[in-house]
Amino acid sequence: MAQVKLQGPCKAPLELQVQATLKANADPKQLKYDIEWLTVNYIDRFTLSGGGIFDGQGKAAWSQNNCKDSKSCGNLPNNLSFNFLTNSTIQDITSQDSKLFHVNVNGCRNLTFIRVNITAPPESINTDGIHVARSSNVNITDCVIGTGDDCISIGDELERLHITRVTCGPGHGISVGSLGKTLVKSFVVGVYVKNCTFINTDNGVRVKTWPTSHQGVVTDLHYEDIIVQNVTNPIVIDQVYCPYNQCNKDVDHATTTPPQR
C-alpha cells in the first residue's frame with residue numbers, strides 16, 4: 001500500500017473501515033520520509049474501525065533509525081498520523097511493525113482510542129505506540145501496546161489525556177516528554193493514568209525534561225491503580241534527560257536559556 005492522505009473538511013461524519021491486512025512497502029527508500037503512511041487531517045466526527053491490521057513492515061528500517069549511530073534517524077514515516085481531528089474515534093484496529101511511531105496525534109480535540117492493539121519487537125527503535133501533542137481531551141482505553149520505545153509518549157501543549165486499562169510491554173513505559181529541548185512552550189496539564197499494567201518494560205510511568213530547558217509547566221499528573229511486573233524503573237522523574245550526549249548535562253538547566261536551533 002502506498003502512502004495515503006485523507007483530508008477534510010467534510011460535510012458529514014466519515015467512517016473508514018479496514019477489514020484486511022494492509023502492508024507498507026518494506027523498503028524505506030521507496031517511501032517519502034516526510035509523509036506518513038496513512039494521514040488523516042481536518043475532519044470532524046471521523047471513525048477508523050473494522051478490525052484491520054496496518055503492517056508497516058519496519059524491520060528493514062530499524063537498523064537505519066539508531067540515533068546513536070545515524071544522523072538521519074527519524075527520517076522515516078509513521079504508520080498512522082491524525083491531525084486536527086475533532087469528536088473522532090479510532091477503534092478495533094492493529095498497528096504492527098511501524099518504521100517509526102505507530103500513531104502520531106497532533107492538534108486533535110475530543111479523540112478516543114479504544115481497543116487498539118500496537119505491536120513491535122523490543123529491538124524496534126523509536127517505534128512509540130501513541131504519541132500525543134498539542135491536543136486536548138484525548139482518551140486511550142482498553143488498548144494493548146508493546147513496542148521498542150514508549151508505549152505512550154506525551155508531548156508539549158497537551159491538556160486532559162485519560163489513559164485507562166492499558167497494558168504496556170515491552171517498551172519504555174508511559175512517558176511525559178521529553179520536554180524542553182526547544183523554545184516551544186511545553187505545558188502539559190491533566191494526565192490521568194488509571195488501571196494500567198506494565199509488563200517487562202524498562203520504565204513504568206516517567207517524566208523527562210532536557211537540561212537547559214526553558215521554563216514550562218507540567219501539572220495535574222494522576223497515577224492510580226498501577227500494576228508493574230518485571231519493570232526496571234517503576235517511577236522515573238528525569239530532569240537531565242540527554243540521550244546520546246546531545247547536550248551538556250553539567251549546565252544549570254534551571255537558569256540557562258537554550259540556544260536557538
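**Entry 1. Salt bridges**

I searched the whole structure and found seven salt bridges, taking as such a side-chain nitrogen of Lys or Arg within 4 Å of a carboxyl oxygen of Asp or Glu. I note that this is a predicted model, in which local features need pLDDT of at least 70 and side-chain atom pairs count only at pLDDT 80 or more, while totals for chains, interfaces and linings use all residues. Residues are numbered from 1 along each chain as its sequence is written, and side-chain values use heavy atoms, with hydrogens and water left out.

I looked up Arg134 and Asp156, whose side chains form a salt bridge at 2.8 Å, N to O. This pair links distant parts of the chain, 22 residues apart: Arg134 is in the loop between strand S13 (130-133) and strand S14 (136-141), and Asp156 is in the loop between strand S16 (152-154) and strand S17 (158-164). Helices (H or I, at least four residues) and strands (E, at least two) are DSSP runs, numbered from the N terminus. Arg134 is partly exposed at 41% relative accessible area, whereas Asp156 is buried at 13%. For these words I used under 20% relative accessible area for buried, over 50% for exposed and partly exposed in between, with a 1.4 Å probe and protein chains only.

I then turned to Asp142 and Arg165, whose side chains meet in a salt bridge at 2.6 Å, N to O. Asp142 lies in the loop between S14 and strand S15 (144-146) and Arg165 in the loop between S17 and strand S18 (167-168), so the bridge ties together parts 23 residues apart in sequence. Asp142 is partly exposed at 29%, and Arg165 is partly exposed at 42%.

I also recorded a network of salt bridges that links Asp150, Arg206 and Lys208.

I found Ser88 in strand S8 (residues 86-91), buried with a relative accessible area of 1%. Its side chain reaches the backbone oxygen of Thr86 at 2.8 Å. I took a polar contact as a pair of N or O atoms within 3.5 Å; within protein, one must be able to donate a hydrogen and the other to accept it, and residues adjacent in sequence count only if both atoms are side-chain atoms.

Which residues does Ser88 touch, not counting those up to four places away in sequence? I listed Ile43, Asp44, Arg45, Phe46, Asn110, Leu111 and Thr112, with contact meaning heavy atoms within 4.5 Å. Among them, Asp44 forms a salt bridge with Arg45, the closest N and O atoms being 3.3 Å apart. Asp44 is partly exposed at 29% relative accessible area, and Arg45 is partly exposed at 40%.

**Entry 2. Backbone geometry**

Most residues other than glycine have a negative phi, and most peptide bonds are trans. I noted a cis peptide bond from Gly8 to Pro9, with omega near 10 degrees; Pro9 is in the loop between strand S1 (4-7) and strand S2 (14-17). The peptide bond from Gly169 to Pro170 is also cis, with omega near 0 degrees, and Pro170 lies in the loop between S18 and strand S19 (174-179).

Asn87, in strand S8, has a positive phi of about 50 degrees although it is not a glycine. I found Asn87 partly exposed, at 38% relative accessible area. Glu157 has a positive phi near 55 degrees, lies in the loop between S16 and S17 and is partly exposed at 28%.

**Entry 3. Nonpolar core**

I took a nonpolar core as a set of buried Ala, Val, Leu, Ile, Met, Phe, Trp, Tyr and Cys residues joined through side-chain atoms within 4.5 Å. The largest has 46 residues, of which Phe82, Ile90, Phe113, Ile130, Ile140, Ile154 and Ile163 touch the most other members. Strand S20 (residues 188-199) gives the most to this core, with five residues. Beyond four places in sequence, the contacts of Ile163 include Ile140, Tyr192 and Cys196.

**Entry 4. Cysteines**

I counted one disulfide, defined as a pair of cysteine sulfur atoms within 2.5 Å. The bond joins Cys151 to Cys168, S to S 2.0 Å. The torsion about this S-S bond is about 80 degrees, so the disulfide is right-handed. Cys151 lies in the loop between S15 and S16 and Cys168 in strand S18, so the pair ties together parts 17 residues apart in sequence. Both cysteines are buried.

Cys143 is buried, at 1% relative accessible area. Cys196 is in no disulfide, the nearest cysteine sulfur, that of Cys168, being 8.7 Å away. I recorded Cys196 as buried, at 0% relative accessibility.
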